[in-house]
Amino acid sequence: MVKITDVARHAGVSPSTVSYALSGKRPISEETRRRVAEAIRELGYRPHAGARALASSRSNVLALVIPLRAGIHVPVVMQFAVSVVTTARRYDHDVLLLTQEEGDDGLRRVADTALVDALIVMDVQLHDSRLGLLRSLERPSVMIGFPADATGLTCIDLDFEAAGEACVEHLARLGHRTVALVGSPPEVYLRQTGFAQRVVRGFTAAADRCGLVSSVHPCEASPAAARLVAGQLLREQPALTGVVVHNEPIVEPLIDAFEQLGLRVPGDLSVTAICPDELAGSVRIPVTSVAVPSAEVGERAVRLLMKKLGGGTVPEATLLPPKLTERASTAPRTLA
């Protein structure tokens with residue numbers, strides 16, 4: 001491993017001079033700084049993170065804020081996290097993961113120190129308590145998700161409202177006239193989580209526009225809850241022939257529950273979902289779905305943040321259009 005003494009010897013200066021060149025704590029002549037830079041490049045020396053931070057006033061660390069609240073499906077959240085981490089490394093940045101539900105206090109504690117250069121914030125509510133602080137921080141931030149008022153913020157996400165619409169419009173084109181949304185766990189709606197609220201809005205608007213009978217049913221993320229919702233739907237909507245699922249853990253249990261109640265998928269009931277492609281394709285009956293593009297969202301969030309750190313301007317809102325992939329779970333409605 002190349003040491004600072006090796007750099008000093010190669011450049012013909014003292015180790016302390018190399019240290020000053022890295023930290024900027026004392027003035028160094030341009031000629032000496034050039035010799036040190038050339039030695040570092042030729043030897044492949046990588047300064048300690050602390051020295052890099054002193055030289056640039058940067059920590060080269062991003063904070064990724066993911067409060068692991070009730071109702072969150074951790075495997076999908078971690079797909080976003082992996083994308084953020086791998087993209088950050090391409091920019092020579094590490095990621096500090098913050099998972100506690102601390103609201104303003106947690107953000108302020110990190111932002112008021114030199115721990116991180118910038119923040120990426122997830123699990124955004126429509127009226128998120130962190131918005132005022134994020135608008136006032138000197139450190140740049142990007143939100144994965146949209147509050148009700150995104151003015152003065154940088155936000156990116158799948159267009160979940162359009163995703164809900166796309167699922168309903170697909171079912172309507174197939175002739176289905178009575179549809180239901182089996183949605184996220186109740187606590188997700190109680191918190192007014194942005195993406196869940198927008199799916200409901202898009203689902204309902206498209207159903208009304210297409211003249212469909214529709215209903216919305218929050219559902220806990222368990223097979224038992226899926227069975228209860230399936231039974232309730234068939235009792236309350238006996239004409240039901242189309243279902244949209246926005247709750248990753250119950251996609252397959254819900255299909256199983258309907259089939260145990262005597263409905264064939266897709267012969268009697270067409271099922272669509274908003275979920276990662278790998279989940280939709282791995283179900284026993286592959287599910288027609290709108291993909292949750294976690295890798296793309298995570299990567300683009302980091303790119304937006306890097307541009308802000310570099311002093312560039314970025315759009316306040318980036319909405320990724322939904323992409324619906326047809327699979328075996330949907331078919332034209334069978335007329336009785």
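Student: Where is Pro266 found?

Tutor: Pro266 sits in the loop between α12 (251-260) and β9. Keep in mind that this is a predicted model.

Student: And what is the peptide bond from Val265 to Pro266, cis or trans?

Tutor: That bond is cis, and its omega is near 10 degrees.

Student: On to β9, then. Which strand is joined to β9 by four bridges, and do the two run parallel or antiparallel?

Tutor: The partner is β8 (residues 242-245); β8 and β9 (residues 270-275) run parallel. In that pair, Val245 stands opposite Ala273 of β9.

Student: What is the strand order in the open sheet of six strands?

Tutor: The order is β7-β6-β8-β9-β10-β12, and the pairing is mixed. The edges are β7 (213-218) and β12 (324-325), each of which pairs on one side only.

Student: What does pairing rest on in general?

Tutor: Strands of a sheet pair through backbone hydrogen bonds, parallel or antiparallel.

Student: What about Leu240, where is its place?

Tutor: Leu240 is in the loop between α11 (223-236) and β8.

Student: Buried or exposed?

Tutor: Leu240 counts as buried because its relative accessible area is 5%, and the cut-off for buried is under 20%.

Student: What is Leu240 in contact with, leaving aside neighbours within four places in sequence?

Tutor: With neighbours within four places left out, Leu240 is in contact with Thr178, Val179, Ala180, Leu233, Leu234, Phe258, Asp268 and Leu269. Take Ala180: Leu240 is 60 residues from Ala180 in sequence, and the two C-alpha atoms are 7.5 Å apart.

Student: Switching to Ser184. Where is that one found?

Tutor: Ser184 is in the loop between β6 (178-183) and α9. Ser184 is buried, at 6% relative accessibility.

Student: How far apart are Ser184 and Ser329?

Tutor: Ser184 and Ser329 are 145 residues apart in sequence and 20 Å apart in space, C-alpha to C-alpha.

Student: Next loop. Where is Thr193 found?

Tutor: Thr193 is in the loop between α9 (186-190) and α10. Thr193 is buried, with 1% relative accessibility.

Student: What does the side chain of Thr193 reach?

Tutor: The Thr193 side chain reaches the backbone oxygen of Val188 at 3.1 Å. Apart from neighbours within four places in sequence, Thr193 is in contact with Asp123, Val124, Gln125 and Val188.

Student: And Gln192, where is it, and what is its phi?

Tutor: Gln192 is also in the loop between α9 and α10. Its phi is positive, about 60 degrees, although Gln192 is not a glycine. Gln192 is partly exposed, with a relative accessible area of 34%.

Student: What about Asp92 and its phi?

Tutor: Asp92 has a positive phi of about 60 degrees and is not a glycine. Asp92 lies in the loop between α5 and β2 (94-98), and is partly exposed with a relative accessible area of 28%.

Student: How do the lining residues of the largest pocket divide?

Tutor: They divide into 16 nonpolar, eight polar and four charged.

Student: How many cavities of 30 Å³ or more does a search of the whole structure find?

Tutor: The search finds two. The second largest cavity has a volume of about 50 Å³.

Student: Which residues line the second largest cavity?

Tutor: The lining of the second largest cavity includes Gly145, Phe146, Asp157, Phe195, Arg198 and Leu319. At least two residues come from each of β5 (155-158), α8 (160-173) and α10. The most comes from α10, with three residues.

Student: And how does the lining of the second largest cavity divide?

Tutor: Into five nonpolar, two polar and four charged residues. Phe195 is among the residues lining the second largest cavity, and Phe195 is also one of those nearest the centre of the largest pocket.

Conventions:
Residues are numbered from 1 along each chain as its sequence is written. This is a predicted model: local features need pLDDT of at least 70, side-chain atom pairs count only at pLDDT 80 or more; totals for chains, interfaces and linings use all residues. Side-chain values use heavy atoms; hydrogens and water are left out. On a 1 Å grid over the protein atoms alone, a cavity is a set of points where a 1.4 Å probe fits but cannot get out, and a pocket is an open set with protein on both sides within 12 Å along at least five of seven lines; lining residues have an atom within 4 Å of a point. Ala, Val, Leu, Ile, Met, Phe, Trp, Tyr, Cys and Pro count as nonpolar, Asp, Glu, Lys and Arg as charged, and the others, Gly among them, as polar. Buried means under 20% relative accessible area, exposed over 50%, partly exposed in between (1.4 Å probe, protein chains only). A polar contact is a pair of N or O atoms within 3.5 Å; within protein, one must be able to donate a hydrogen and the other to accept it, and residues adjacent in sequence count only if both atoms are side-chain atoms. Contact means heavy atoms within 4.5 Å. Two strands pair if DSSP finds at least two bridges between them. Grid points are joined across faces, edges and corners, and a volume is the space filled by probe spheres set on the points.
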